[in-house]
Amino acid sequence: MDIFEALLQSHQRQREHCDRLLAGIGDHDERHKALDLLKTEMAAHETAEERAFYVPLIEHDETVDPARHGISEHHEMDEMVEDLEKTQEGSAEYLEALGKLVHKVHHHLDEEEQKFFPQAKKVLPVQQQQELGKLYQDEHDRLYAKEEAAQ
Ligand SMILES: [Fe+2]
Ligand SMILES: [Fe+2]
């Protein structure tokens, strides 16, 4: 599996968790479960993606700016999750913040796939795309297990 296929698998899981979150937004338990799954997947994905994808892309002049942009969006999403946790569960403000988080996640995933992946494919040799896929997947799985154990 190359880096792009590996990243896409997590993107699809994040979209599924977002769909489940919106579908179950009025149901406390379902909303909790979907949000936990989304947070765990996002945390493992962001860090593994930064290490195995953004860092090598910072090495290239052509992709340094989009790599910085992607990392700054990770920070924004992390802050949105932190702010959500400080908001009163189930309040109108909380539900609005959840909707904004889901919107931001979709925007970020779409932008990576549509704008960033084609640029990255031009600068990363095919052999490296394979190696980074393995590095990413190992990091993702290790971090996911760590996040789950911490819950
Ligand atoms: Fe990302
Ligand atoms: Fe991503």
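A metal's donors are N, O and S atoms within 2.8 Å of it (3.2 Å for Na, K and Ca), and since water is not among the atoms, sites may look incomplete. With that in hand, meet the iron ion (ligand 2): His-11 (NE2), His-45 (NE2), Glu-49 (OE) and Glu-112 (OE) coordinate it at 2.1 to 2.2 Å. This is a predicted model, so local features need pLDDT of at least 70 and side-chain atom pairs count only at pLDDT 80 or more, while totals for chains, interfaces and linings use all residues. Residues are numbered from 1 along each chain as its sequence is written, chains are lettered from A and ligands numbered from 1 in the order in which they are written, and side-chain values use heavy atoms, with hydrogens and water left out.

**The two irons**

- The iron ion (ligand 1) is held by Glu-49 (OE), His-74 (NE2), His-108 (NE2) and Glu-112 (OE), at 2.1 to 2.2 Å.
- Glu-49 coordinates both irons, which sit 3.1 Å apart.
- Along the chain, the donors of the iron ion (ligand 2) follow the pattern H-x33-H-x3-E-x62-E.
- Helices here are DSSP runs (H or I, at least four residues), as strands are (E, at least two), numbered from the N terminus.
- His-45 and Glu-49 are four residues apart in helix α2, so about one helical turn separates them.
- Both His-45 and Glu-49 are buried, and His-74 and Glu-112 are buried too. Buried means under 20% relative accessible area, exposed over 50%, and partly exposed in between (1.4 Å probe, protein chains only).

**Site geometry**

- The four donor atoms of the iron ion (ligand 1) make angles of 84 to 169°, and its site is irregular.
- The iron ion (ligand 2) has an irregular site as well, with angles of 88 to 173° among its four donor atoms.
- Irregular is what's left over: four donors are tetrahedral if all angles lie between 85 and 135 degrees, while four are square planar and six octahedral if opposite donors are over 155 degrees apart and all others between 65 and 115.

**Aromatic rings**

- There are six aromatic pairs in the structure. Rings of Phe, Tyr and Trp (its six-membered ring) pair if their centres lie within 6.5 Å; planes under 30 degrees apart are stacked, over 60 edge-to-face, and the rest tilted.
- Phe-53 and Tyr-54 have ring centres 5.8 Å apart and planes at 40°, so they make a tilted pair.
- Phe-53 and Phe-117 have ring centres 5.7 Å apart and planes at 80°, so that pair is edge-to-face.
- This second pair links distant parts of the chain, with Phe-53 in helix α2 (residues 28-58) and Phe-117 in helix α4, 64 residues apart.
- One aromatic cluster is formed by Phe-4, Phe-53, Tyr-54, Phe-116 and Phe-117.

**Around Leu-98**

- Leu-98 belongs to helix α4, and it is buried, at a relative accessible area of 0%.
- Leaving aside residues up to four places away in sequence, Leu-98 touches Leu-21, Ile-25, Arg-31, Leu-35 and Leu-84. Contact here means heavy atoms within 4.5 Å.
- Leu-98 and Leu-21 are 77 residues apart along the chain, yet their C-alpha atoms are separated by 8.7 Å.
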